[in-house]
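Hi,

Here is the structure I promised to send over. Have a look at it first, and then read on for my notes.

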Amino acid sequence: MICFIILLVIVDKYGDNNCFINVKMKLSISIKWGVKMTAKIVTFGISKGGCSKSVSSGVTSYLLSKEERVLAIDMDGQGNLTSFLTNEYDICNVFEEKTILEAIQDKDVRKYIIKISENLDLVPSNDFLATLPRMMYRQGIKFDALQVALEPVMEDYDWIIIDTPPALSEHTVMPLSTYSKAGSFAVVMFDGSMFAYYAIPKFLEIIEASKERYNPSLKTAGILFSLIDSRAKENEVMEESIEEEYPGLRFQTIIKRKAATRRLAISGFEENPELTNALEYYIPFVEELKKRAKQEQPQG
Ligand SMILES: Nc1ncnc2c1ncn2[C@@H]1O[C@H](COP(=O)(O)OP(=O)(O)OP(=O)(O)O)[C@@H](O)[C@H]1O
Ligand SMILES: [Mg+2]
């Protein structure tokens with residue numbers, strides 16, 4: 001309920017009452033003109049910090065790009081996904097005015113896409129993404145702005161993978177509000193802690209509110225246990241609680257804490273002798289995600 005109120009306050013701030021109607025209009029225009037939107041959108045989120053959103057979205061992007069075309073989008077001003085995929089840490093200078101913020105402002109993402117590998121592209125972010133709410137307010141930018149910016153490339157990718165910050169802010173609501181005919185999904189990150197446990201229902205409410213308000217295609221792909229310490233005694237209890245409260249929502253794969261996975265931010269994906277070890281838990285997760293996205297794919 002609290003989240004829904006937050007969302008309504010944000011919406012009121014931007015006077016965005018017609019957004020859902022816009023989505024429906026665009027959908028009917030797309031059908032009429034035979035425009036195919038092929039990319040499935042997956043947004044990784046939770047308002048609790050440090051639950052592995054950036055690492056998980058980065059590794060998922062990498063693994064999906066082995067067989068399909070992927071666009072990764074960094075919606076967090078910390079730029080961790082950007083650094084993870086580019087190995088560039090001076091993001092403020094290197095990506096100055098070359099980020100998702102400018103792409104949203106320009107209503108076209110194409111100029112801001114950078115190539116990571118053959119099938120993997122990225123729209124980076126940097127610290128200036130903090131100004132997104134102010135920009136939205138001043139320029140009357142609505143929650144469909146990311147969708148508008150992505151429209152020219154929707155057919156160029158099979159997947160659009162989005163990392164979000166640890167906040168139920170505009171940076172999170174905007175990706176969740178981004179419609180795709182092929183399906184739009186949220187992955188709820190959970191690190192097994194009590195803090196994250198209580199963040200789950202809030203994020204689920206924001207997902208529900210975004211779906212009702214803007215994005216009828218939005219589905220919760222599942223809750224992903226990540227950064228799980230094999231020795232922690234409370235793991236089983238947490239698994240049971242999640243299963244009981246959110247039946248069928250938990251991904252069967254549990255991403256355990258591994259030094260090799262943490263070191264991916266240093267070693268990268270190329271010529272990394274411990275890559276197989278680092279990706280061990282993510283490979284079955286991505287297979288599960290693909291299956292769920294396929295099952296849940298909206299018809300028509
Ligand atoms: N499976 C893993 N094993 C070991 N370390 C991991 C694993 N996944 C993530 N980490 C490490 O845990 C920390 C938090 O991960 P990450 O930055 O991806 O979380 P986040 O949810 O994106 O954080 P934030 O909320 O600040 O955006 C990082 O130092 C990362 O390298
Ligand atoms: Mg992050």
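Predicted model: local features only at pLDDT ≥ 70, side-chain atom pairs only at ≥ 80, totals over all residues.

Below is what I found, going from the overall picture to the ligand and then to a few single residues.

The protein has 15 helices and 8 strands. Of its 300 residues, 46% are buried. Taking contacts with a separation of 6 or more, 83% are between residues 24 or more positions apart.

I'd start with β1, residues 40-45. All 6 of its 6 residues are buried, and that holds for both faces: Lys 40, Val 42 and Phe 44 sit on one side, with Ile 41, Thr 43 and Gly 45 on the other. As a reminder, side chains in a regular strand alternate between the two faces of the sheet.

Which strands does β1 pair with? One is β5 (residues 159-163), which runs parallel to β1 and is joined to it by 5 bridges; there, Lys 40 has Trp 159 as its bridge partner. Another is β6 (residues 184-190), also parallel to β1, again over 5 bridges.

With 8 of its 11 residues buried, β7 is largely enclosed by the rest of the structure.

Now the ligand. There are 20 residues around ligand 1, and the ones that come nearest are Lys 53, Ser 54, Val 55, Pro 166 and Arg 262. Elements giving two or more residues to this shell are α3 (53-64), β7 (218-228) and α12 (259-262). The largest share, 3 residues, is from α3. What is the make-up of the shell by class? It has 7 nonpolar, 8 polar and 5 charged residues.

Helix α10 (residues 194-213) is worth a look too. Its 20 residues reach 30 Å from the first C-alpha to the last, close to the 28 Å expected. Even so, α10 has a kink of about 25 degrees at Ile 200, shortly before the proline Pro 201. Ile 200 is itself among the buried residues of α10, which also include Ala 196, Ala 199, Phe 203 and Ile 206.

Ser 52, in the loop between β1 and α3, has a phi near 80 degrees, which is positive although the residue is not a glycine. Ser 52 is buried, with 23 other C-beta atoms within 10 Å, where 20 or more is the cut-off. Leu 227 also has a positive phi without being a glycine, near 60 degrees. Leu 227 lies in strand β7 and counts as buried because it has 22 C-beta neighbours inside 10 Å.

Last one: is Tyr 281 buried or partly exposed? Tyr 281 counts as partly exposed, since it has 18 C-beta neighbours inside 10 Å. You'll find Tyr 281 in the loop between α14 (275-279) and α15 (282-295). Leaving aside neighbours within four places in sequence, Tyr 281 is in contact with Thr 253, Ile 254, Ile 255 and Lys 256. Lys 258 is 23 residues away from Tyr 281 in sequence, and their C-alpha atoms are 9.6 Å apart.

Cheers

How values were computed. Residues numbered from 1 in each chain as written. Chains lettered and ligands numbered in written order. Near = placed C-beta within 6 Å. Helix = DSSP H or I, 4+ residues; strand = E, 2+ residues; numbered from the N terminus. Nonpolar A, V, L, I, M, F, W, Y, C, P; charged D, E, K, R; others polar. Buried ≥ 20, exposed ≤ 12 C-beta atoms within 10 Å, placed from the backbone. Pairing = 2+ DSSP bridges. Expected span 1.5 Å × (residues − 1). Bend = angle between axes of the 7 residues up to and from the residue. Contact = placed C-beta atoms within 7 Å.
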